[in-house]
There are 2 protein chains.
Amino acid sequence: MSTESTQARAAETLTELILEIFRLNGRLIEAGDQLVRSLGLTSARWQVLGAMDRSAVPLSVASIARNKGLSRQAVQRLVKEMAKDGLVRFAANPHHKRAQLVTMTEAGRAAFAAAMTKQAPWAEDLTRGLSPDDLAQAVALLRALRARLERARDGGARPDDERCAGEASGL
Amino acid sequence: MSTESTQARAAETLTELILEIFRLNGRLIEAGDQLVRSLGLTSARWQVLGAMDRSAVPLSVASIARNKGLSRQAVQRLVKEMAKDGLVRFAANPHHKRAQLVTMTEAGRAAFAAAMTKQAPWAEDLTRGLSPDDLAQAVALLRALRARLERARDGGARPDDERCAGEASGL
DNA sequence: GTCGTAATGACAATATATTGTCAATTTGCG
DNA sequence: CGCAAATTGACAATATATTGTCATTACGAC
């Protein structure tokens with residue numbers, strides 16, 4: 001064991017990290033579902049509304065998917081369902097006949113606002129006593145890992161995150 | 001902004017962390033699926049076999065679910081499917097007539113071993129250049145967060161992780 | 001032993017999410 | 001302009017996962 005390389009030990013720790021992410025992901029979705037259930041939302045719907053809320057301009061389904069790292073189809077399904085529930089609506093896209101723009105209805109904005117109101121004290125509770133630096137460092141590490149995974153997937157065709165970042169204010 | 005409390009900033013960072021976990025979770029499942037597809041496995045199946053591999057004794061479906069933080073039903077479905085594919089088999093449980101024990105078949109062990117062989121260089125590649133301390137600290141932070149979420153969910157009924165840890169060598 | 005409670009797996013319903021395919025549309029290059 | 005390539009949404013199939021319900025089984029208090 002003491003002859004093991006630093007690389008190998010780091011890789012083992014990565015494996016632990018991966019397994020922990022799987023578990024935590026489940027717990028977070030579960031907690032989010034509970035938190036916003038009474039608002040007619042779910043973690044997934046909330047996430048989609050979050051992408052729309054952050055953008056200054058209406059987004060297409062495909063843009064939301066890219067912003068959230070989900071597949072186009074997953075978002076499409078959620079958006080159509082939320083449209084049926086009156087949380088979002090479609091608007092014609094002057095620049096793209098096929099790709100309609102998704103906007104929140106008044107009900108959608110209200111539900112999202114209520115969700116964020118519920119989330120704030122929940123998040124403060126969860127962070128209580130944790131080091132802000134540790135949190136920030138963890139975010140940075142996870143971002144770095146994801147960047148590597150996406151680089152590998154896309155064949156090194158994306159030198160940075162400009163595409164997603166710029167898209168929030170574009171299309 | 002400068003009047004914002006440390007708590008509130010930490011909570012904002014936590015929100016970023018949560019969103020990053022959602023994304024990274026998707027990328028990891030995707031990468032895992034690709035890695036073991038040729039072995040007749042998926043990320044989910046791999047995860048289940050991993051729980052079985054780590055335990056010294058055969059586990060029941062419910063134990064695997066607890067170990068991995070999944071629902072009983074998710075594991076049940078995967079196990080039954082893998083049984084149909086000859087990767088695992090059921091054995092009678094002397095201590096519990098209803099809860100059969102799940103064991104890997106020779107094919108299951110071979111597939112799992114092949115998966116781990118593929119995973120090792122992949123993980124080393126992914127960790128290259130990352131600080132082992134950062135990785136370990138991130139694991140610790142995520143574990144702490146999950147513990148809080150589970151404490152909240154279970155109503156504070158579980159003072160520590162003894163239940164899951166002890167279960168690996170029990171039932 | 002008896003009885004209430006918890007654990008377990010079966011079954012069903014639903015939500016989430018990816019993959020693959022296709023046609024319509026847009027875009028960019030020549 | 002013309003045409004190949006990429007983007008986009010629709011549709012379908014499948015995988016993953018939770019929730020809820022139920023009958024059976026195990027366990028503990030008494």
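1. A:Arg98 places a polar side-chain atom 2.7 Å from a base oxygen of DNA strand D.

2. The model is predicted: local features need pLDDT of at least 70, side-chain atom pairs count only at pLDDT 80 or more, and totals for chains, interfaces and linings use all residues. Residues are numbered from 1 along each chain as its sequence is written, chains are lettered from A and ligands numbered from 1 in the order in which they are written, and side-chain values use heavy atoms, with hydrogens and water left out.

3. DNA strand D is surrounded by 24 residues (near means a heavy atom within 4 Å). The closest are A:Arg72, A:Gln73, A:Gln76, B:Thr42 and B:Lys97.

4. Between chain B and chain A, about 5,900 Å² is buried, 65% of it on carbon and sulfur atoms (accessible area, 1.4 Å probe, lost on being put together and summed over both parts). In chain B, the residues losing the most area to chain A are B:Arg23, B:Arg27 and B:Leu149, together 11% of what that side buries.

5. Eight salt bridges are counted between chain B and chain A (a side-chain nitrogen of Lys or Arg within 4 Å of a carboxyl oxygen of Asp or Glu). One of them joins A:Arg146 to B:Glu20, with the closest N and O atoms 2.5 Å apart.

Methods. Buried area is the accessible area (1.4 Å probe) that two parts lose on being put together, summed over both. A polar contact is a pair of N or O atoms within 3.5 Å; within protein, one must be able to donate a hydrogen and the other to accept it, and residues adjacent in sequence count only if both atoms are side-chain atoms.
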